[in-house]
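Student: Please show me the chain. I would like to work through its fold with you, step by step.

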Amino acid sequence: MRLRNIPGAREEVSESRFAVNLPAEQRGQWRSLFRQQYPDGRDTGEMPLYIEVGMGKGRFLTEMAAQHPEALFAGIEMYESVLIKAVQKLERLEEQGVLCPNLLLIREDARLLPDLFAEGEVDKIFLNFSDPWPKARHAKRRLTSHQFLERYGKILKPGGTVEFKTDNQELFTFSLEEAREAGWEILVNTRDLHHEPALMEGNVMTEYEQKFSAKGNPICKMVIKMTNSHLVDNGTYLW
Ligand SMILES: C[S@@+](CC[C@H](N)C(=O)[O-])C[C@H]1O[C@@H](n2cnc3c(N)ncnc32)[C@H](O)[C@@H]1O
């Protein structure tokens, strides 16, 4: 999703209290930063941290943050012209008295994830309807390529998971293959999520999921887990 340039979007995003400027400075300290978001200064040190990569306009994350006050959420989006929609959504919610202290937004290219989060800092990564990049020479840009899986492995805690939804069958096949080849354990693998009641429990629809399922496209979902084979004996990472 690449919206046309929106004049002033960069300034509006960088001035918003929901967006984190200089996110690399928070590496290893995200839970402390979240603590400052809570009026009661609650202890966020043990709360799980979930991130969505390629969050788009933020429907999924704002809903997840509201449904799961026990967790912290950070959304990563490459374009201000898209992220601005999520910022405005949070501002509207705040005007209505709905606070989302457990949600922060980051405008950054996900290739830099290991510069933004420390080893093992993240509990779970969500990827929703990631851009397919159909040309083979662009495969490494796909957010489920082995290059990206390696980045995720660096920031996930041992046993952490990646949850991926898409309606793109080719991208889904590619993603399963990349995960298997990179030694991830496949926990969930369905090509018709919306007809799997057990998997639909707690499912939050993204903007793209609403759009494509309304057209009748089946939705695929994969959940993969980092395995111990990604760690060497002293608990550090193989990558
Ligand atoms: C097709 S949209 C899906 C949006 C949303 N997740 C949904 O399901 O409705 C994919 C989003 O990922 C973002 N994106 C793609 N590559 C990215 C990267 N390397 N880093 C951060 N965001 C990225 C795009 O800008 C776009 O907004």
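Student: How many helices and strands does the chain have?

Tutor: This is a predicted model, where local features need pLDDT of at least 70, side-chain atom pairs count only at pLDDT 80 or more, and totals for chains, interfaces and linings use all residues. Residues are numbered from 1 along each chain as its sequence is written. Helices (H or I, at least four residues) and strands (E, at least two) are DSSP runs, numbered from the N terminus. For the chain they come to 9 helices and 7 strands.

Student: What is the radius of gyration of the chain?

Tutor: The radius is taken over C-alpha atoms, and the globule rule is 2.2 Å times the number of residues to the power 0.38. With 239 residues, a compact globule would come near 18 Å. The chain agrees with that, at 17 Å.

Student: What share of the residues counts as buried?

Tutor: A residue is buried if 20 or more other C-beta atoms lie within 10 Å of its own, exposed if 12 or fewer, and partly exposed in between; C-beta atoms are placed from the backbone. Of the 239 residues, the buried share is 38%.

Student: Is Val-13 buried or exposed?

Tutor: Val-13 sits in helix α1 (residues 9–15). Two residues are in contact if their C-beta atoms, placed from the backbone, lie within 7 Å. Leaving aside neighbours within four places in sequence, the contacts of Val-13 include Leu-83, Ile-84 and Val-87. Because 24 other C-beta atoms lie within 10 Å, Val-13 is buried.

Student: How far apart in space are Val-13 and Leu-105?

Tutor: In sequence, 92 residues separate them. From C-alpha to C-alpha, the distance is 9.2 Å.

Student: Which element gives the most to the shell around the ligand?

Tutor: A residue is near a molecule if its C-beta atom, placed from the backbone, lies within 6 Å of it. Of the 21 residues around the ligand, Gly-54, Gly-56, Ala-110, Phe-129 and Thr-206 come nearest. The elements that give two or more residues are β2 (72–77) and α9 (207–214). With 3 residues, the element that gives the most is α9.
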